[in-house]
Amino acid sequence: MSLPPDPRSFGVYVHWPFCRSKCPYCDFNSHVRDKIEADAWEHGLTASLTRQKARFDAEGLGNRSVSSIFFGGGTPSLMPPRLVGSVIDTIARLWPLAAGAEISLEANPTSAEAENFAGYASAGVNRLSIGVQALEKNALGFLGRTHDPDEARRAIALAAKHFQRFSFDLIYARPGQSVAAWEAELRQALDLAVGHLSLYQLTIEPGTAFYGAHARGDFALPDDALAGDLYEATQALLTAAGLPAYEISNHAKPGQESRHNLLYWRYGDYLGVGPGAHGRLTLDDGTPLGHKLATRAQKVPETWLAALEAGEDGLTEVDPVAVPDRLTELTMMGLRLAEGVPLARYLRETGLRPDASLDAAGLSRMIEGGFLAQTDTHLTATAAGRQRLNALLTQILPEDVPA
């Protein structure tokens with residue numbers, strides 16, 4: 001697996017908030033617009049980067065290097081390749097790019113966007129993440145996707161032509177889905193994949209079209225037992241194919257993991273740019289733990305862009321992350337990983353070992369129950385623990401943490 005994050009480096013997340021249509025399961029900050037002024041958005045994104053550098057350099061960000069860039073959304077494959085290249089060039093001008101920096105872009109497999117793949121590669125993107133979501137026609141219709149299975153396969157083939165590293169997503173635990181049908185779909189996916197697959201269990205999120213439809217009884221999800229069987233079938237099939245889970249929903253051949261997403265799960269630092277983007281930055285204030293900040297940008301695209309045009313950096317929140325919150329975030333993110341959380345990270349983020357900062361009784365119960373394992377170097381959720389992570393976290397996160 002990729003090396004742990006270098007504390008002298010950080011990632012950059014670039015949020016493109018626009019889509020052609022809103023998927024019924026999506027609760028991300030995405031918006032449908034009839035017209036987008038690419039030049040205005042290029043100016044906004046590059047100006048936000050420049051102004052955040054000025055703001056955080058003054059607070060200790062300095063000349064740290066950028067280890068990864070991730071264009072997420074929304075649908076970043078609606079961005080003109082020229083705009084993507086301009087953002088990458090701006091980041092490289094403001095900070096040193098680390099050797100082998102990963103630059104990822106999320107893409108939809110519609111033909112019009114797939115034609116841009118060569119342009120993104122020329123602009124500097126070296127990894128693509130394709131939102132396929134299903135390889136079965138009826139499932140794509142249910143999920144509100146506008147492509148068909150053949151179009152998805154063509155987009156994957158085109159990605160393989162232009163990128164050495166790419167991934168695609170599938171959503172399972174769909175209404176009426178059996179284990180046998182999901183296994184058949186996974187085998188098709190493995191025939192198309194190169195080194196990485198993201199496999200997400202369908203969840204119903206407040207504020208989405210599915211939330212109301214599910215509440216009305218328009219459809220039913222698999223019950224807990226079937227959902228567990230689908231999850232276990234996923235793990236077995238992908239492990240046997242040489243793509244074990246390195247995170248709850250992500251599978252890769254060794255060395256093919258998403259480095260940018262690993263940075264999140266390992267609680268590394270990243271700058272967030274674009275409407276609604278979040279960031280986490282640890283600045284050197286001379287104390288052993290450093291000064292960690294949580295940032296969030298204005299969520300509404302037009303309001304964010306107006307703020308940049310008025311000379312602002314687009315951020316609405318820049319708040320210190322207190323030690324109790326650092327403990328919670330580190331634990332919630334790190335236990336998603338098969339590798340777990342290094343004990344040294346607990347010391348670095350909280351000044352305490354996990355057995356002194358987490359709920360001791362809950363920690364013991366989870367270890368004895370086979371849901372957690374602790375060595376001299378790591379605290380790790382077992383496969384059973386990762387399958388029940390939300391319940392596990394309620395057992396080990398304390399109500400009070402020394403500040």
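**Rings, strands and backbone**

Mentor: Let us start with the rings, keeping in mind that this is a predicted model; by the rule of centres within 6.5 Å, the count comes to 12 aromatic pairs.

Trainee: How are the rings of F10 and W95 arranged, stacked or edge-to-face?

Mentor: A pair of aromatic rings is described by the distance of the centres and the angle of the planes. For F10 and W95 the centres are 5.4 Å apart and the planes stand at 85°. Planes over 60 degrees apart count as edge-to-face, so the pair of F10 and W95 is edge-to-face.

Trainee: How many residues apart in sequence are the parts that this pair ties together?

Mentor: F10 belongs to strand β1 (residues 9-16), whereas W95 sits in the loop between α2 (81-94) and β5 (97-107). The pair therefore ties together parts whose separation in sequence is 85 residues.

Trainee: Which strands stand at the edges of the open sheet of three strands?

Mentor: The order in this sheet is β15-β17-β16, with antiparallel pairing. One side of each edge strand is left without a neighbour in the sheet, because each has a single partner strand, and these edge strands are β15 (341-342) and β16 (372-374).

Trainee: Which residue in β17 does L372 stand opposite?

Mentor: β16 pairs with strand β17 (residues 378-381) in the antiparallel sense, over three bridges. Within β17, the residue opposite L372 is A381.

Trainee: Where is the cis peptide bond that has omega near 20°?

Mentor: One of its residues, G74, lies in the loop between β4 (65-73) and α2. The cis bond runs from G73 to G74.

How values were computed
Residues are numbered from 1 along each chain as its sequence is written. This is a predicted model: local features need pLDDT of at least 70, side-chain atom pairs count only at pLDDT 80 or more; totals for chains, interfaces and linings use all residues. Side-chain values use heavy atoms; hydrogens and water are left out. Two strands pair if DSSP finds at least two bridges between them. Helices (H or I, at least four residues) and strands (E, at least two) are DSSP runs, numbered from the N terminus. Rings of Phe, Tyr and Trp (its six-membered ring) pair if their centres lie within 6.5 Å; planes under 30 degrees apart count as stacked, over 60 as edge-to-face and the rest as tilted.
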